[in-house]
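Student: I would like to learn how to read a protein model feature by feature. Could you take me through one slowly?

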Amino acid sequence: MPGIRGPSDYSREPTRHPSLQINAKEPFNAEPPRSALITSYVTPVEYFYKRNHGPIPIVDDIDRYSVSVTGVIGNSKELFMKDIWKLPKYNVAATLQCAGNRRTAMSKTRTVKGVGWDVAAIGNAVWGGAKLADVLELIGIPKYTCSTQSGGKHVEFVSIDKCKEENGGPYKASIPLLQATDPEADVLLAYEMNGETLNRDHGYPLRVVVPGVIGARSVKWIESINIISEECQGFFMQKDYKMFPPRVNWDNIDWSTRRPQMDFPVQCVICSLEDVNVVKNGKSDLLTHQGIFLTRWFPSSVKITIKGYAVSGGGRGIERVDVSVDGGKTWVEASRFQKYGSSYIADDDSKSDKWAWVFFETEAEIPWSAEIVAKAVDSAANVQPEKVEDVWNLRGILNTSWHRVHVQIGHSNM
């Protein structure tokens, strides 16, 4: 493609925030500290998780960069950025989440394969760009189309990005044509993130954003859009990102028995506390394996604030978030909000962003030692499963089990 140079090595990687937890260097995969996520409803670009499958492509000449739209259609079209900029621009608040979020915790049950993500492979941004439904109208596909006259039923996104899983070929994925042509699905060809031009890590100059769906379908660095009759046959659609039961292992797996994962399930995570904490004078500190806290006194309880995020796929809202300080024996309902000072009502588009996460918060008195648990319920009454063992799968995706952290009350003598 003119104006594109896809580097064959990692010598020209972008500059990133020093606080990111690097989970893999080549390709670069990193997430922010969990506490950074709840500092802002809109995740700052520098704290948005980085998920890559190869070296970051470089676009040298934005004026020559183009996207081809082709496939089982009557007429193909080559779109330049000036053509996309002419279309109506929409800003959509949408949370993207890697399907492997919380994989590290799942691997403690049984080993899984994949990048070791903690709880912050997720972020919420305001994406700016053209709706894919408007783009497809340019080639004669009307809105709300489930199949073209030539049998096109899916829209495939092909990236400039080259990855080893595709034997050096491009990363690609697809979504149903009906979803792509539905304006209410808010699928975007995005060129902005939080009001600024996309940076290289997040798909400059143009990426797809598919709200409510696992991040693997929101393809970055778009090279072509293909109208196809069947689902994309790429590696990440057919031999990855599928949900298998715990009994399936690498010896008996049959990839053809499962559909590609699309919507992500209901999820919530406590972000104001680490996995293990010592609370001193009402403040929490991470307890390391070397930390020994000598105490002058042991209060019977202490009040702490518990904060985190909750989200569900498919545009489903969060009906409630339950928090327990006794390992799940008793529960309190946390308050929910998207923006401070504004009320949140699940599935009320006039008062909430349907594709975006929800923050939750509650105060609780905890005894000297406590297991704090959080679980969310979405507007379709889907609830997180209690045990990670129940959702364990060999690829370690979609760990939506109850989120648990441990707190002890201590008082340093230093």
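**Reading the model, step by step**

Tutor: Leu398 is buried, with a relative accessible area of 7%, where buried means under 20%, exposed means over 50% and partly exposed is anything in between, using a 1.4 Å probe and protein chains only. This is a predicted model, in which local features need pLDDT of at least 70 and side-chain atom pairs count only at pLDDT 80 or more, while totals for chains, interfaces and linings use all residues. Residues are numbered from 1 along each chain as its sequence is written, and side-chain values use heavy atoms, with hydrogens and water left out.

Student: What is the phi of Leu398, and where does Leu398 lie?

Tutor: Most residues other than glycine have a negative phi, and most peptide bonds are trans. Leu398, although not a glycine, has a positive phi of about 55 degrees, and its place is the loop between strand S23 (369-378) and strand S24 (403-409). Helices (H or I, at least four residues) and strands (E, at least two) are DSSP runs, numbered from the N terminus. Asn167 also has a positive phi of about 55 degrees without being a glycine; this residue sits in the loop between S9 and S10 and is exposed, with a relative accessible area of 76%.

Student: How should I read a sheet, and what is the order of strands in the open sheet of five?

Tutor: Begin with the pairing rule, by which two strands pair if DSSP finds at least two bridges between them. The open sheet of five strands then reads S6-S5-S14-S9-S10, with mixed pairing. Its edge strands are strand S6 (77-80) and S10, each of which pairs on one side only. Neighbouring strands of this sheet are turned by 20 degrees against each other on average, direction ignored; here axes are lines fitted to C-alpha atoms, for helices over the stretch in contact, and angles run from 0 to 180 degrees between N-to-C directions.

Student: Which strands does S9 pair with, and in what sense?

Tutor: S9 and strand S10 (residues 170-176) pair in the antiparallel sense over six bridges, and His154 has Pro176 in S10 as its bridge partner. S9 also runs antiparallel to strand S14 (residues 222-228), to which six bridges join it, and Phe157 stands opposite Ile225 in S14. Strand S5 (residues 66-71), by contrast, pairs with S14 in the parallel sense over four bridges, where Val69 stands opposite Ile225. Strand S9 (residues 154-162) is mostly covered, as eight of its nine residues are buried.

Student: How many salt bridges are there in the whole structure?

Tutor: Side chains of opposite charge can pair when their charged atoms come close. A salt bridge is counted when a side-chain nitrogen of Lys or Arg is within 4 Å of a carboxyl oxygen of Asp or Glu, and a search of the whole structure finds 17 of them. One of these joins Glu192 and Lys89, whose closest N and O atoms are 2.6 Å apart. This pair links distant parts of the chain, 103 residues apart, with Glu192 in strand S11 (residues 188-193) and Lys89 in the loop between helix H2 (81-86) and strand S7 (90-97). Glu192 is buried, with a relative accessible area of 18%, whereas Lys89, at 41%, counts as partly exposed. There is also a network of salt bridges that links Arg34, Asp118, Glu274 and Asp275.

Student: Is Lys143 buried or partly exposed, and what about Asp134, buried or exposed?

Tutor: The side chains of Lys143 and Asp134 meet in a salt bridge of 2.9 Å, N to O. Lys143 is partly exposed at 28% relative accessibility, while Asp134 is buried, with a relative accessible area of 11%.
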